[in-house]
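Here is a short briefing for a reader new to this structure. Take a look at the model first, then read the points below.

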Amino acid sequence: MSRTGPEPGQRLTSIRRRTGRAPGSALIAVAAWLLALTGGGALYVSFSAQYTYILAVRRQDAASVIEAVLLDLLMIVFTLLALGLARAGQPARTERALILACAAASACMNISAADVASPRSVAAYTVAPVALAVVVDRVVAVIRRHVLADKQHSAWTTVGRAAAAAARTGGLVLLYLLRFALAAPETARGLRQMVLAAAPLPALPQAPAPEAGEPSCTKKSVFLALYRVHPDYGDRSRASRVAAELAPQAGLQPGTARSYLYAELDGRKP
């Protein structure tokens with residue numbers, strides 16, 4: 001019979017009990033300190049580009065410094081939160097997504113100070129925040145795996161799925177635009193049917209039971225039943241408009257429906 005070894009989580013627990021800490025802790029600690037040093041340099045580079053751009057727009061030294069360092073400080077805050085949650089064995093998906101958002105905003109701001117006509121200039125201005133976001137995400141993921149010996153999806157997975165969904169939607173829109181250019185009437189009819197099917201009209205009010213002595217299946221009884229539940233029931237000034245509105249639902253001509261309506265208002269039969 002084949003013997004299976006313990007699960008990874010059980011092996012880590014056993015090693016912790018013998019040595020007091022999990023294997024690889026020192027290496028991960030060194031990586032975290034290197035992340036701090038690398039992050040400091042990357043944030044300085046990013047801050048310099050952001051400050052140059054904001055100062056040219058605002059013309060205010062103090063305000064430009066605060067706004068230029070804002071995204072970097074937010075990235076530091078979310079990084080510390082994500083690292084703390086990872087060390088506690090808790091998920092940090094929201095914090096990791098916010099780190100990516102700050103990095104994307106910082107990269108966009110840095111592009112404003114670059115020569116957009118030069119790919120090398122754009123890369124030189126955007127590599128710092130993007131690389132820092134990637135490293136932070138991987139350090140958080142490794143720490144969580146080290147603590148719980150499990151796998152957590154990267155925050156880049158969500159970004160990739162969103163980009164794929166946007167690409168599919170854009171491709172579908174372009175395909176329908178091409179189809180409309182080639183066969184406009186058929187495409188328009190198909191889109192009309194799709195919209196009508198997706199947004200059906202609310203059901204018409206159910207007519208109450210007819211009064212005693214009145215036929216149950218006549219057009220007149222159906223019309224009067226609809227009129228008695230209409231919001232404008234009893235309003236003579238709106239009688240003609242209401243008759244024209246309800247006549248098709250009862251299968252009557254507007255003139256006939258109008259005579260039934262006035263007879264109802266007058267309390268007499270025509």
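Gly-255 counts as partly exposed, because its relative accessibility is 40% and partly exposed covers the range between under 20% (buried) and over 50% (exposed). The model is predicted. Gly-255 sits in helix α10, which spans residues 254–266.

- Ser-240 lies 15 residues from Gly-255 in sequence.
- In space, the C-alpha atoms of Gly-255 and Ser-240 are 8.9 Å apart.

**Overall build**

- The protein has ten helices and zero strands.
- Along the sequence, the pattern reads α-α-α-α-α-α-α-α-α-α.
- The protein has 270 residues, and 27% of them count as buried.
- Take the contacts with a separation of 6 or more: residues 24 or more positions apart account for 52% of them.

**Surface**

- The protein exposes about 17,700 Å².
- A nonpolar surface patch covers about 790 Å².
- Its residues are Leu-172, Leu-175, Tyr-176, Leu-178, Leu-182, Leu-191, Met-194 and Val-195.

**Helices behind the patch**

- Helices α6 (155–182) and α7 (184–198) each supply at least two residues of the nonpolar patch.
- Helix α6 gives the most, with five residues.
- Met-194, one of the patch residues, is found in helix α7.
- Met-194 has a relative accessible area of 48%, so Met-194 is partly exposed.

Notes: Residues numbered from 1 in each chain as written. Predicted model: local features only at pLDDT ≥ 70, side-chain atom pairs only at ≥ 80, totals over all residues. Heavy atoms only, no water. Patch = residues over 30% accessible without salt bridge, like charges linked within 9 Å, V, L, I, M, F, W, Y side chains within 5 Å. Areas by Shrake-Rupley, 256 points an atom, 1.4 Å probe, with all protein chains shown as cover. Salt bridge = Lys/Arg side-chain N within 4 Å of Asp/Glu carboxyl O. Helix = DSSP H or I, 4+ residues; strand = E, 2+ residues; numbered from the N terminus. Buried < 20%, exposed > 50% of the residue type's maximum accessible area, 1.4 Å probe, protein only. Contact = heavy atoms within 4.5 Å.
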